[in-house]
Amino acid sequence: MQTYEITVLKGDGIGPEIVDQAVKVLDKAGEKFGFSLHYTRAYLGGEAIDEKGCPLPEETVAACKAADAVLLGAVGGPKWDSLSGDQRPEAGLLGIRGALGLFANLRPAVIFEPLKEASPIKAEIIGDALDILVVRELTGGIYFGQRGRETVDGVESAYDTERYSVPEIERIARVGFSMAQKRGKKLCSVDKANVLESSRLWRATVTRVAQEYPDVELSHMYVDNCAMQLVRNPKQFDVILTSNIFGDILSDEASMISGSIGMLASASLGENQFGLYEPIHGSAPDIAGTGLANPLATILSAGMMLKYTLGQPEAAQAVEDAVSKALTQARTPDIYREGGAQKKVTCEEMGDLVCSLL
């Protein structure tokens, strides 16, 4: 029997409880499809600060590098807000992405049929379904560029640098095109080439890489227009390829089209399909331990792990199908609607329901 090594970073706030549900589902999927998973616990973010004195301990990096894949809950919370930037929980998240070479972030924005009424977008705009994949460059751009503060003409100022190299753009573009080949064969590259020199290089490089993928239709769009079009006509998009900062913003916008940020999964991939999998929502410390958390984004992230890293596509599809069926029977409070046919359940009860439907 194939055994996969998974490093688990439960994180802060609701992280531990949502990760526990995802682990249950992974184990159930393994039982059904004939593989097993072995888990190693490590620390990241606020819990690492409390336990180890820093947001990203060296032993965490080592544990992640030794694994086949990494499952992460969420990091951060007001408890650590007073710390300096490089000591905050979020620094651990940026650090682990860099340490593991996770340059490609995949964020699906999917509307499940049972949740269509939860979308803030009109039904006639959404149509029967919506399935967009945002491919975001994750280790370059303004989040990793040179930065600082200085006094200019007696006035305090600050700067952050947006920088991309051709190889960085080429590798994320190839991820985007390969994903489009497996989907609707359409890729929209988003930039700000009318203003930014880095975006002009981005557009020229993506256009050149497109020649390697003649079966994929390439289009370009300015980021401000894309933000508008996601609300006006989201069905025009299949795969959206974009830079770190633009992808950060657009993927959150796309996620809200689906009706709940508690439903959105993500994968951060490096070379050879190694990946870190996490929900895109935050740690929600205000509801930690109350049973109100929605574990479905984390469960769907585990499903992406099965698909993209562990090579278990049937198990991945089964997890997604189980989530869709669960939504016809039950809802966590964030997606529950009074008067609906579904019962309101806790985080753990939702995890149990998905397992039973597997």
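Strand β4 (residues 104-111) and strand β11 (residues 265-269) run antiparallel and are joined by three bridges. Within this pair, N105 stands opposite S268 in β11. The model described here is predicted.

Strands of a sheet pair through backbone hydrogen bonds, in either a parallel or an antiparallel manner. In this structure, β4 and β11 belong to an open sheet of 10 strands with mixed pairing, in the order β2-β1-β3-β12-β11-β4-β5-β10-β8-β9. The edges are formed by β2 (35-42) and β9 (217-222); each has a single partner strand, so one side of each is left without a neighbour in the sheet. From one strand to the next, the twist averages 25°. Helix α8 (residues 223-232) packs on the sheet and touches β5 (130-137), β8 (186-191), β9 and β10. The direction of α8 makes about 105° with that of β9.

| Residue | Loop | Relative accessible area |
|---|---|---|
| S243 | between β10 (239-242) and α9 (244-257) | 3% |
| V345 | between β14 (343-344) and α12 (347-357) | 7% |

S243 counts as buried because its relative accessible area, 3%, is under 20%. Leaving aside residues up to four places away in sequence, S243 touches R136, E137, E162, Y164 and W202.

V345 is likewise buried, with a value of 7%. Beyond its neighbours within four places in sequence, V345 is in contact with A330, R331, T332, P333 and M350. V345 and N294 are 51 residues apart in sequence, and their C-alpha atoms are 9.5 Å apart in space.

Technical notes: Residues numbered from 1 in each chain as written. Predicted model: local features only at pLDDT ≥ 70, side-chain atom pairs only at ≥ 80, totals over all residues. Heavy atoms only, no water. Helix = DSSP H or I, 4+ residues; strand = E, 2+ residues; numbered from the N terminus. Buried < 20%, exposed > 50% of the residue type's maximum accessible area, 1.4 Å probe, protein only. Contact = heavy atoms within 4.5 Å. Pairing = 2+ DSSP bridges. Axes fitted to C-alpha atoms, helices over the stretch in contact; angles between N-to-C directions.
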